[in-house]
Amino acid sequence: MNISYDYYRVFYYVAKYKSFTGAAKALLNNQPNVTRMMKKLEEELGCTLFVRQRHGIVLTPEGEKLYAHVSVAFEHILCGEKEIARDKSLQSGIVTVAASEIALHCVLLPVLKTFRKSYPGIRIRISSQSTLQAVDVLKKGLADFAIVTGPFELPAGMSSEILRSVQEVPVCSTAFPLTTGAVLTGEQIKNCPLIGLGEQTVSFSFYSDVFGKMGLSYKPDVEAATADQILPMVKSDLGIGFVPIDFLEKENMQNLAILSIKPDIPARNICLLKRKGISLSIAASELERQIKDK
């Protein structure tokens, strides 16, 4: 059978209100048109669905069976329409973002504060990992988009957009005989303990390249699991760490020294990654817009 959805929609309201007139009002239609459509539906199905009585209509056994199925299907459709309407008004929805630690603190968190105030009904899931792990999460379709710190190789099937750059600087505590503005020599770097991320991270590769240009090898003495652990380790006198200037903006610098090295550490880009050909949800699109506008 190839029966129009409109016939079942009208049938649902006639059966719900047990009245052709009531269904017509609910559908903003007229009673003769509703009656005509129900007669056509009965002809298509080859059975009687309604019996007219003095105070309305009664479903036949066949009508009851049909309504049991149609009501479930139609009410699911109504729920779906309501959910979409709420999503369109940003009253509900879920956004999942994969983010590297630096990208999380420098880009995502400031935006999320405003986003949550504007759209408290939207659920936000943050997967905070290394750049390579965040890219892999996006590749597997487990996140709407990713915000990561470069440099990295962009996988096939993904697009990348630079959001901003971040400058990192070497920092140590006053437990070391170094003062703010001091330029680290190769000898000092060799003799001071270094704090950094593990070999399987983008940061390790980045600083290996930086040190290589200075004729040095990059071998952290203290290995942090995430970028946001480096500064607390520096403050605990464990060594020299490389952290974004953003991380220092709200710090009491009394017991810290910001250093430099030559050549200067290149700025690193924070990028927004998406899967090509995959449309974002309304909620995810709005968060992406706010991130880009920040």
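Start with the hairpin: strand 1 and strand 2 form it, with two residues between them. This is a predicted model, where local features need pLDDT of at least 70, side-chain atom pairs count only at pLDDT 80 or more, and totals for chains, interfaces and linings use all residues. Residues are numbered from 1 along each chain as its sequence is written, and side-chain values use heavy atoms, without hydrogens and water.

Strand 1 covers residues 50-53, strand 2 residues 56-59; they run antiparallel, joined by four bridges. Glutamine 53 has glycine 56 in strand 2 as its bridge partner. On terms: strands (E, at least two residues) and helices (H or I, at least four) are DSSP runs, numbered from the N terminus. Two strands pair if DSSP finds at least two bridges between them.

Five strands, open, order 4-3-5-14-6, with mixed pairing. Strand 4 (123-129) and strand 6 (158-166) are the edges, each pairing on one side only. Neighbouring strands here are turned by 20 degrees against each other on average, direction ignored. Axes are lines fitted to C-alpha atoms, for helices over the stretch in contact; angles run from 0 to 180 degrees between N-to-C directions.

Look at strand 3, residues 94-100. Seven bridges pair it with strand 4, in the parallel sense. Threonine 96 stands opposite arginine 125 in strand 4.
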